[in-house]
Amino acid sequence: MSGKPDKTEQAVRRRRVFYIPGYDPIHPRRYRELYRKEGAAQAVVSGYEITLSPKTTKGHYGWHVSATVDGQETQTDVEALVWSDIVRDSMSHTIPATYGAMLRTAWAYIGSGALWRLMRLRKGPVIAALYPVLMLIVQALLALGAAWGVMRGVSLLLAFVPELAGLGPYAGLVLGLGVAWGLLAWFKKQDAKFFVYYLMHDYSYSARHMGANPPELEARMAEFGDVIAEALTQDFDEVLVVGHSSGAHLGVSILADLIRAGQVPKAGPKLSFLSLGQVVPMVSFLPDAWRLRADLAYLSTREELAWVDVTAPGDGCAFALCDPVKVSGVAPEGQRWPLVISAAFTQSLSASRWKELRWRFFRLHFQYLCAFDRPRDYDYFQITAGPQTLVERYAGRGASKSRIETPVNKYTSVAP
């Protein structure tokens, strides 16, 4: 498949894009720079023009995009719906608190039985969830081993000094604990390389409330809904909401609330929802995620929007090609959405590029937002800045045949 859509009558001249990031404590300027760099690279490969400039709208952090695809010009305002401050506040800054979060998270997924059911879908994201738990245990064992070694060494050393021999156990204990703590602190300092603490806080955030949204997140989601609702009353051809990673399930609930409240005008812009690298089952499989399950079931039948879900088996951090509605066990009769398709990393990236990226798991989780050097029908920049709406771009496109639709969730309640 070509990276270029067929040239048709231009449907979008002005677009508003709302990007909902995942559990990310970083300032949203990173997403602007990623869009600028990768958009330019994709434009060279696919033969179109794309430029960024300062935003022209009020509100959250964002940027303006001018694109020319097949001679058709489109103006897009992108806005990042930021919750990085909530993420930072949720991240424990002490070592004991992180180990406490590890125990609570392990109990939430193992005690509820969710872990075993998630493994029946995709093992990649489950392994990604177990990784910080196992690494924290390994770090603790290494610290204890170092402490024992120091205690033993000090005791043996002081044994040669009769007048100090009695102090050996006490001095060894103090020094051993100091070494153990220092080693744990070193591991924490190196987390930019290992991502152990970051991932542990990510998974513990949802597990802390057994799948329910904490009050501060619900309040922020309501604010996001108001911003999107206002855009739907303005002179845009399309309002596109993009939810990446954990941002995908936030997008589901935000849009479900908007439609329930009657805030999607029939004569307004086309409303589109693009979920990327979603990890919905990590939340919807928990006992108290009734709100998310209800929103999944509701949104999947609505005519007010088009919803396309894009994942890739090469992304070990996502539930690739898992229909989030069906696997959560809440698919209603008349389900319309989402259209589940693959970004097909192994086909959309050249062999050399795939070889370069395949073991960089965290980077691959962001590949949906990046350029492909052998693009097929998934092109993030044409979707967000090109002349077609989301539904037009994928009109006639069937769902991926290898998608997973088996309902394996034990918890299917949609009310508390």
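Where is the place of Leu134? Select Leu134 and you land in helix α5; helices here are DSSP runs of H or I with at least four residues, strands are runs of E with at least two, and both are numbered from the N terminus.

Before moving on, note that this is a predicted model, in which local features need pLDDT of at least 70 and side-chain atom pairs count only at pLDDT 80 or more, while totals for chains, interfaces and linings use all residues. Residues are numbered from 1 along each chain as its sequence is written, and side-chain values use heavy atoms, with hydrogens and water left out.

**Stop 1**

Leu134 counts as exposed because its relative accessible area is 52% (exposed is over 50%, buried under 20%, partly exposed in between; 1.4 Å probe, protein chains only).

**Stop 2: the pockets**

Next, select Lys270, Leu271, Glu303, Glu304 and Leu305, which lie nearest the centre of the largest pocket among its 22 lining residues. A pocket is an open set of points on a 1 Å grid over the protein atoms alone, with protein on both sides within 12 Å along at least five of seven lines; a cavity is a set where a 1.4 Å probe fits but cannot get out, and lining residues have an atom within 4 Å of a point. The space in this pocket is about 410 Å³, a volume being the space filled by probe spheres set on grid points that are joined across faces, edges and corners. Colour β6 (270-276) too: β6 gives the most to this lining, with three residues.

For the second largest pocket, of about 310 Å³, pick Ala128, Leu199, Cys317, Phe361 and Phe362, the residues nearest its centre.

**Stop 3: the enclosed spaces**

The structure holds six cavities of 30 Å³ or more. The largest cavity, with about 270 Å³ of space, has Asp202, Ser245, Ser246, Val279 and His365 nearest its centre. Highlight α8 (196-207), α10 (246-260) and α11 (281-284), the elements that give two or more residues to the lining. Both α8 and α10 also supply at least two residues each to the lining of the second largest cavity, which has a volume of about 100 Å³.

**Stop 4: backbone details**

Most residues other than glycine have a negative phi, and most peptide bonds are trans. Ser245 has a positive phi of about 60° and sits in the loop between β5 (238-244) and α10. Ser245 is buried, with a relative accessible area of 10%. Ala344 has a positive phi of about 45°, in the loop between β8 and α14 (345-348); Ala344 is buried as well, at 11%. Finally, zoom to Trp337 and Pro338, joined by a cis peptide bond with omega about 0°. Pro338 lies in the loop between α13 (324-327) and β8 (339-342).
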